[in-house]
Amino acid sequence: MQVTETPLPGVFLLEPRRFGDDRGFFCESWNKARMAEAGLDYDFVQDNHSMSAQVGTVRGLHFQSPPHAQAKLVRCGRGVLFDVAVDIRKGSPTYGQWVGYELSFDNGKQLLIPEGFLHGFATRTPDTEIIYKCSDYYAPDCDGAVRFDCPDLGIDWGLSGDAVLSEKDAAAPVMADFDSPFVWEGAA
């Protein structure tokens, strides 16, 4: 597996090697021991799977606050999505900066997002599926969001029309009104 650190320290792009033949392919999407050798020691406890029917569906920007903060390993099970991570660790030299990558069934890429980051995605094809691992269980009282289209973040989602949003995401605060529960501790 190729592991590449992104411009945001702690966020990694993972590219599992695919072994294919005329039947299709096989790949190992996660191996705890191999990732620990690369310095990525996560204990994932929950897998989530969602499907978005419409092109231009945006889910995010989401986070789960301490004591139930979550790291996520995100991949696309079907279709194409644009996946985004935003640093929200107070005091971080990259606070408020974002990275985004196209994840698709075809390219097999995955994004590893540690605690202290917002996460969101926009779908590029109909019936896009996202599959992701979480390092803590879902805790409704720790669930939070920031508006996906904040001018102060300047994320280019590549949308060709209006975003399809949930009520929660449409009502999320902008970054300027957000008080992050995360603090940078000098390392990713």
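This report describes the fold, the strand pairing and selected residues of a predicted protein model.

In this predicted model, local features need pLDDT of at least 70 and side-chain atom pairs count only at pLDDT 80 or more, while totals for chains, interfaces and linings use all residues. Residues are numbered from 1 along each chain as its sequence is written, and side-chain values use heavy atoms, with hydrogens and water left out.

**Overall architecture**

Two helices and 15 strands make up the secondary structure of the protein chain, where helices (H or I, at least four residues) and strands (E, at least two) are DSSP runs numbered from the N terminus. The chain has a radius of gyration of 16 Å, close to the 16 Å that the globule rule gives for 188 residues, so it is as compact as a globular protein of that length; the radius is taken over C-alpha atoms, and the rule is 2.2 Å times the number of residues to the power 0.38. Along the principal axes, the C-alpha atoms fill a box of roughly 55 × 40 × 30 Å.

Of the 188 residues in the protein chain, 47% are buried, a class that means under 20% relative accessible area, with exposed meaning over 50% and partly exposed lying in between (1.4 Å probe, protein chains only). Among contacts with a separation of 6 or more, 79% are between residues 24 or more positions apart, a contact being heavy atoms within 4.5 Å. The chain exposes about 9500 Å², and carbon and sulfur atoms supply 49% of that area; accessible areas come from the Shrake-Rupley method with a 1.4 Å probe, and for residues only the protein chains shown count as cover.

The charged side chains comprise 16 positive and 28 negative ones, and the centres of the two sets lie 5 Å apart. In this count Lys and Arg are positive and Asp and Glu negative, with His and the chain ends not counted, and the place of a charge is taken as NZ of Lys, CZ of Arg, CG of Asp or CD of Glu.

**Strand pairing**

Two strands are said to pair if DSSP finds at least two bridges between them. The pairings considered here are set out below.

| Strand pair | Sense | Bridges |
|---|---|---|
| β5 (residues 46-52) and β13 | antiparallel | seven bridges |
| β7 (residues 72-78) and β13 | antiparallel | six bridges |
| β1 and β2 (residues 12-15) | antiparallel | four bridges |
| β2 and β11 (residues 110-113) | antiparallel | three bridges |

Strand β13 (residues 128-134) is mostly covered, as six of its seven residues are buried.

At the β1 end, β1 and β2 form a hairpin with six residues between them, and G10 in the turn has a positive phi of about 100°. Within this pair, Q2 stands opposite E15 in β2, whereas L14 has Q110 in β11 as its bridge partner.

**Selected residues and peptide bonds**

V3 lies in strand β1 (residues 2-5) and counts as partly exposed at 30% relative accessibility. Leaving aside neighbours within four places in sequence, V3 is in contact with F12, L13, L14, M35 and L40. The C-alpha atoms of V3 and F117, which are 114 residues apart along the chain, are separated by 19 Å.

L159 belongs to the loop between β14 (143-145) and α2 (167-170), and with a relative accessible area of 27% it is also partly exposed. Not counting residues up to four places away in sequence, L159 touches G56, V58, A122 and F148. From D143, L159 is 16 residues away in sequence and 26 Å away in space, C-alpha to C-alpha.

Cis peptide bonds are found at two sites described here. One joins G60 and L61, with omega about 10°, and L61 lies in strand β6 (residues 58-64). Another runs from P66 to P67, with omega near 10°, and P67 lies in the loop between β6 and β7.
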